[in-house]
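Here are my notes on the aromatic rings in this one. Have the model open while you read.

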Amino acid sequence: MRVLKKILKFLLIIIIVIAIAGFWYYNHLKPSYSGEVSLANIEAETTVYYDDYGIPHIYADNRLDATTTLGYVHAQDRLWQMELMRRISPGRLSELFGKDLIENDTFFASLGIDEAAEISISKLDKNSEVYKIMEAYLKGVNQFVDEGPTPIEYTLIGLEKKHFVIKDIYNIMGYLSFSFAMAHKTDPLLSALQLKLGNEYIKELDVSISPETLYIKNSKQEVESYTKMLSKINTIMETNPIPPFIGSNSWVISEDKTSNGKVILASDPHIGFAQPSVWFEAHLVTPDYEMYGYHMAGIPFAMLGHNRNFAYGITMFENDDIELYREENHPTDNNKYKTPNGYETYKKTTKTIKVKDGEDVTFELKSSRHGPIINNTFKGITEGNPIAMSWIYTQLDNKMPNVFHLLSTAKSMEDFKKGVSLLHAPGLNLMYGDSKGNVAWYASAKLYKYKNHVNTKFILDGASGEDDIVSYLDFSENPMAENPEWNYVYSANNQPDSIAGMLYPGYYIPEDRAKRITRLLEPKNNWNKKSVSAMINDVTSSVAPEVIKELTNNINYNSYSRNEQRAIDVLQLWDGSHTLDAVAPTIYNKFIYLYMKNTFQDEMGKELYAQFEETHLIKRQIALQIHKETSVWWDDISTTQITETKKDILSKTLKETVASLEVQLGEDMNHWVWNKVHILEHHHPIGKIESLREFFNVGPYSVNGGSEVINNLDYNRDSTGVYNVDSGPSTRRVIDFSDIENSLSINPTGQSGNPLSKHYRDQAEMYNKGEFRKMKMNKEEIIKVSTKIIFIPKN
């Protein structure tokens, strides 16, 4: 008996020790929001107040001390996110996740981002303020790497923490730039469709075909090659653990249209959802500098921001900055390719992808004068006709750090404009407003011209030189508006007005959101923070009612069943609002899915149609196609005995819509509410493991909003009839210069990327409801609700 008691006592002690150790480890992994930290490389004591949403307010004696501290606190909450971000461009994700990401790594390693970073860094002035800021930030990050607790993700995948370097900052910017682009998705698609179906079909997609354009003759094998390449690229972008930029809204209202006589800026960049969320907020204050900024993981400069004097936001320009060229190999030597000056030898580089739990993968990368040959980076795609990617980002000096440094330190609209003018890629719309009453919009990118015959929506001829860039535009020729007479500026990724005697080519979003924004802004002259906050959460489509009107004008109401007639009634009474309790958006989105499929899939084929669904082109066709009385696309070529009309396709689609929803949600239409099918979940890369999903992921939630409304909670439409939201507003900001200390914002999930932090998901419910929190700038108010860390200079 005594022996048994001793054994039980010993086991109890072990359990208690394990529990204490577990409790200590659990709390050790949490971010620390109070106490003292000895921090190297700062000159004076720096105080960080963490407010009630975990946002650091950094008070320092100088900018470099503030930036070093920013690096430390940024790493504390987002080190894992920084790790992922720095690995994409050089092709180092397979080191973490194994063989499934080899093609991702091979593709990104081929783009030349890593090499472009090295060139840009070699040209940096080490005495410049920009360089010093990057160095200061990295010193703070790396001290946390050395001394802070290891994030749980590192432990789970067995990864050792390592220092960050300046090249990581450039590589992160490179990935962001590539994620903005659409040419790599669209140009191979249109080239394949043009080869398969001919120009008549392409014109009907609202793609202009110049009679001067000479298209390269290709074979069926070429169509298959383009299709496979396109499929591979789409898969890579979908499986990346960090989501791409998608679109955005922003508008700035001048003092003449606001009730308080001061400028108001609204901004909500649209980015793919993931966890952690995209933006890390930080408020930096020194005796001569203040900025409430939004930072990307691993970037020390605020990409969105405001202070008491000015505010700025961004949207995607959507201009065309990538071209694909079909090179022509030498007839007997595949190591050479044709140029206007004869044959030249491809540049060759050997690259190695390290693979977790697997053997290294080595591949040879070829590059022509236009850029890397991308089709032979994928398995199963022949290099019979090599395709080179020409990307302006890797061809000109990268000044992005200088750009965002200048934007965040501007003293006037002219200073801001100087910063904007330096950006060559990615193309951004920079939105500006200030306390003096100025409002401005600048389309920022290095734009260029081709000869008149060139159509950049297709794969171009690389051999002759006739399709090469002929000139670059001066920034003064870029689209822009400064203090326009209509008293507001806006951007919703739509086509800008004519510039330099041309409409600049791009992959612009349809005008749905732009129409809604202008219809709301134009008639009203008493805007305030409350009304702008309501507008940024608007869920009404300006285009959907027009589509429904065209549908109902082309069908015979009496030919439908009772439930089908009821569906028509619901749609006709609908104003386009995508609210949680509405039935109409469920019917409408199912109809759109089937209408597009019934119109285009028979000609394109399943593979090309699947790629078509991944581009902006399909969104543009929703309203364009339905207003065409005649079109080559209306006929269903699979029914050889019948030539279908617009009426036939729309009638068939409506019947299929109702039948499909009856199977999915039951015959009672009252159950077809939007909240059952419009779902948002923020996915963490490790949350793909089902047992860890609830711990790492945030959601799922039923949410209002929809595709191409201002509250653009977007999704892919598919046969399931469930619309899993994959992108949307990465933040919603309302900056009111009549009450700058009470400007508003919200984060989709939370400020912290640490799942053990109380700020990991504390804003999610607010975000879903369209609510806001203050971006605090008043020090007394900040102190009242904050905990604090005092950073003391080391040694």
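Are Tyr595 and Trp634 buried or exposed? Both are buried (under 20% relative accessible area, with exposed being over 50% and partly exposed in between, using a 1.4 Å probe and protein chains only).

1. Some ground rules. This is a predicted model, where local features need pLDDT of at least 70, side-chain atom pairs count only at pLDDT 80 or more, and totals for chains, interfaces and linings use all residues. Residues are numbered from 1 along each chain as its sequence is written, and side-chain values use heavy atoms, leaving out hydrogens and water.

2. To pair, rings of Phe, Tyr and Trp (its six-membered ring) need centres within 6.5 Å; planes under 30 degrees apart are stacked, over 60 edge-to-face, the rest tilted. Take Trp574 and Tyr588: this pair is tilted, at 5.3 Å between centres and 55 degrees between planes. Trp574 sits in the loop between α18 (562–572) and α19 (584–604), and Tyr588 is in helix α19, 14 residues apart. Both of these residues, Trp574 and Tyr588, are buried.

3. Back to Tyr595 and Trp634: their centres are 6.5 Å apart and their planes at 25 degrees, so this pair is stacked.

4. Another spot to look at is a cluster, in which ring pairs link Phe107, Phe108, Tyr175, Phe178, Trp391 and Tyr393.

5. Finally, charges over rings (NZ of Lys or CZ of Arg within 6 Å of the ring centre and within 35 degrees of the ring normal). Arg86 has its charged end over the ring of Phe164, 3.6 Å from the centre. Over the face of Tyr767 lies Arg732, 4.1 Å from the ring centre.

Terms used
Helix = DSSP H or I, 4+ residues; strand = E, 2+ residues; numbered from the N terminus.
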